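Colleague: I am new to this structure. Could you walk me through how to read it, feature by feature?

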Amino acid sequence: MNTFSRRNFLKAMGSATALATFPTILKAANTNPRVIVIGGGFAGATAAKYLKHWSPSLNVTLVEPNASYQSPILSNLVINGQKSLSDITFNYNALQQKYGANVVHEWVAGIDAAGKKVELTSGRTLEYDRLIVAPGISFNPVSGLDFDKIPHAWKSGDQLIQLKQQLDAMPAGGNFVMTIPPAPYRCPPGPYERACLVADYLRRNKPGSKVIVLDANPGIIAEKEAFSYAFNTTYAGIIEYHTDVVLESVDSDRRIAITDAGDFDADVLNVIPVQSAGKIITASGLANHASGRWANVDPLSYESTARPGIHVIGDSQGTGQPKAGHIANAEAKVCADAIIRLLGGRQPYQQPTTNSACYSPISTTTASWATVVYRYNPATKLMTPVPGSSGAAHRADRESYRDMLGWAGNLFDDTFA
Ligand SMILES: Cc1cc2nc3c(=O)[nH]c(=O)nc-3n(C[C@H](O)[C@H](O)[C@H](O)COP(=O)(O)OP(=O)(O)OC[C@H]3O[C@@H](n4cnc5c(N)ncnc54)[C@H](O)[C@@H]3O)c2cc1C
């Protein structure tokens with residue numbers, strides 16, 4: 001081959017490659033389907049990651065106001081001093097750099113379902129072909145309740161630190177009073193777990209103190225055997241448990257829970273209010289569950305039954321599956337897979353399964369757990385527990401505490417790394 005022909009061959013190859021790829025790149029930029037995900041928690045961050053992981057050419061944008069995410073999972077370990085907030089803080093770097101999703105740090109102010117657009121608080125609009133909404137929970141108002149004085153600490157972050165500081169400042173022999181809302185709420189075992197870890201902290205640091213639990217439910221609603229043992233034996237004389245107590249109002253200055261069973265004075269008061277889907281769900285006409293609090297969806301795809309093209313996952317959905325991070329991560333994968341199929345003109349997978357797992361630290365060395373698997377039932381079109389799949393610890397133990405840390409690490413990685 002003479003030099004002329006070799007050089008021209010290479011040049012021609014280069015041009016041909018450029019001609020072959022350039023229009024593809026242009027096409028990719030202009031026509032690749034756009035999926036917007038609202039909310040970067042366990043549900044939204046997982047969905048954005050797996051959409052890009054399974055279909056790299058998709059144009060995926062996560063809209064989340066915060067630069068980092070502070071996990072509610074394991075957050076009670078911050079209260080008893082075993083973890084710091086930074087231990088349970090994650091960012092969106094992997095989502096952007098490893099998976100190639102766009103991340104926009106803004107609030108979504110509104111959804112235009114007909115125009116397939118979301119409006120950001122800055123006034124910018126983003127267009128989508130499919131939209132996933134995963135904004136977690138909002139709190140129903142309670143008369144007199146001021147979160148600046150009475151932290152809920154149910155979304156981790158600053159509120160968690162505020163509650164921890166109040167506990168640190170509490171006198172020995174004082175009363176920690178907490179209220180539990182009627183189910184469904186975020187993390188069914190979470191409030192009982194909190195009662196145990198606050199009791200653990202007070203026993204070690206504020207002798208003579210009590211944890212008074214005011215539960216709106218008729219009894220412990222998750223991990224009943226393990227929590228009953230913890231309340232009656234491990235923390236006997238510290239935890240005082242009351243059932244069927246309805247919170248009516250709060251005196252936030254004097255830290256009093258005013259209930260249908262009387263007034264409860266607290267040195268530290270922790271009100272966990274009744275919960276609903278994230279506010280953007282209600283504002284966008286997606287809260288069509290009979291309660292008016294959650295979004296009904298088709299569990300094959302998590303597509304809203306109120307607004308086609310919009311999918312709702314995580315704590316805001318109203319399928320009856322628990323409001324928990326592990327299962328939010330599973331719902332996100334079912335939803336991402338369904339969206340990829342739908343965008344390709346195919347039907348969602350018809351037999352999805354999801355799994356919930358909760359680990360509950362009970363002391364500095366022991367934890368309990370509960371798990372259940374759900375499968376789609378084509379006859380009822382609902383996710384229903386698979387017979388024999390559910391289980392819960394009888395007692396908290398050390399092995400479960402170790403398993404808990406491994407499980408949480410895997411879930412954090414699967415969502416954010
Ligand atoms: C003490 C405690 C212990 C728990 N333990 C467990 C456990 O052991 N196992 C388990 O599975 N679960 C557990 N959970 C529950 C778990 O934390 C939640 O179920 C999970 O965080 C729900 O995920 P999500 O993505 O739906 O909501 P979130 O994690 O709350 O994420 C929602 C995101 O949406 C963003 N957002 C909201 N509105 C907008 C908007 N308009 N625009 C843009 N972004 C918006 C928010 O900033 C937030 O980052 C626990 C919870 C608590 C409180």
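Colleague: Let us begin with a helix. Which residues of α5 are buried?

Modeller: First, a caution: this is a predicted model. To call a residue buried, look for under 20% relative accessible area. In α5, the buried residues are G157, Q159, L160, L163, K164 and L167.

Colleague: Where do those buried residues fall around the axis of α5?

Modeller: Look down the axis. The buried residues of α5 fall within an arc of 155°, so they line one face of the helix. D158, Q165 and A169 are exposed on the other side of α5.

Colleague: What span should the 13 residues of α5 have?

Modeller: Count 1.5 Å a residue. Helix α5 covers residues 157–169 and should span 18 Å. Its end C-alpha atoms are 19 Å apart, which agrees.

Colleague: Now a pair of helices. At roughly what angle do the axes of α2 and α9 cross?

Modeller: Read the angle together with the approach of the two axes. Helix α2 (residues 42–54) and helix α9 (residues 325–343) have axes that come within 8 Å and cross at roughly 35°. The crossing is right-handed.

Colleague: Which residues of α2 and α9 meet there?

Modeller: From α2 come F42, A43, T46, A47, Y50, L51 and W54. From α9 come G325, A328, N329, A332, K333, A336, D337, I339 and I340. By class, this contact has eleven nonpolar, three polar and two charged residues.

Colleague: Next, the loops. Where is S363, and is it buried or exposed?

Modeller: S363 is in the loop between β22 (353–361) and β23 (367–377). At 11% relative accessibility, S363 counts as buried. To see what surrounds a residue like this, skip its neighbours within four places in sequence. S363 is then in contact with Q82, L197, D200, Y235 and Y401. Y401 is also one of the buried residues of α10. For distance along the chain, take T353, ten residues from S363: their C-alpha atoms are separated by 32 Å.

Colleague: What should I look for in the backbone?

Modeller: Most residues other than glycine have a negative phi, and most peptide bonds are trans. Look for exceptions.

Colleague: What phi does L74 have?

Modeller: L74 has a positive phi of about 75°, although it is not a glycine. L74 lies in the loop between β3 and α3 and is buried, with a relative accessible area of 7%. A153 is not a glycine either, and has a positive phi of about 55°. A153 lies in the loop between β10 (137–139) and α5, and counts as buried at 1% relative accessibility.

Colleague: Which residues does a cis peptide bond join?

Modeller: A183 and P184, with omega about 5°. P184 lies in the loop between β11 and α6.

Methods: Residues numbered from 1 in each chain as written. Predicted model: local features only at pLDDT ≥ 70, side-chain atom pairs only at ≥ 80, totals over all residues. Heavy atoms only, no water. Axes fitted to C-alpha atoms, helices over the stretch in contact; angles between N-to-C directions. Helix = DSSP H or I, 4+ residues; strand = E, 2+ residues; numbered from the N terminus. Left-handed = near helix turned anticlockwise from the far one by under 90°. Contact = heavy atoms within 4.5 Å. Nonpolar A, V, L, I, M, F, W, Y, C, P; charged D, E, K, R; others polar. Buried < 20%, exposed > 50% of the residue type's maximum accessible area, 1.4 Å probe, protein only. Expected span 1.5 Å × (residues − 1). Arc of directions from axis to C-beta.
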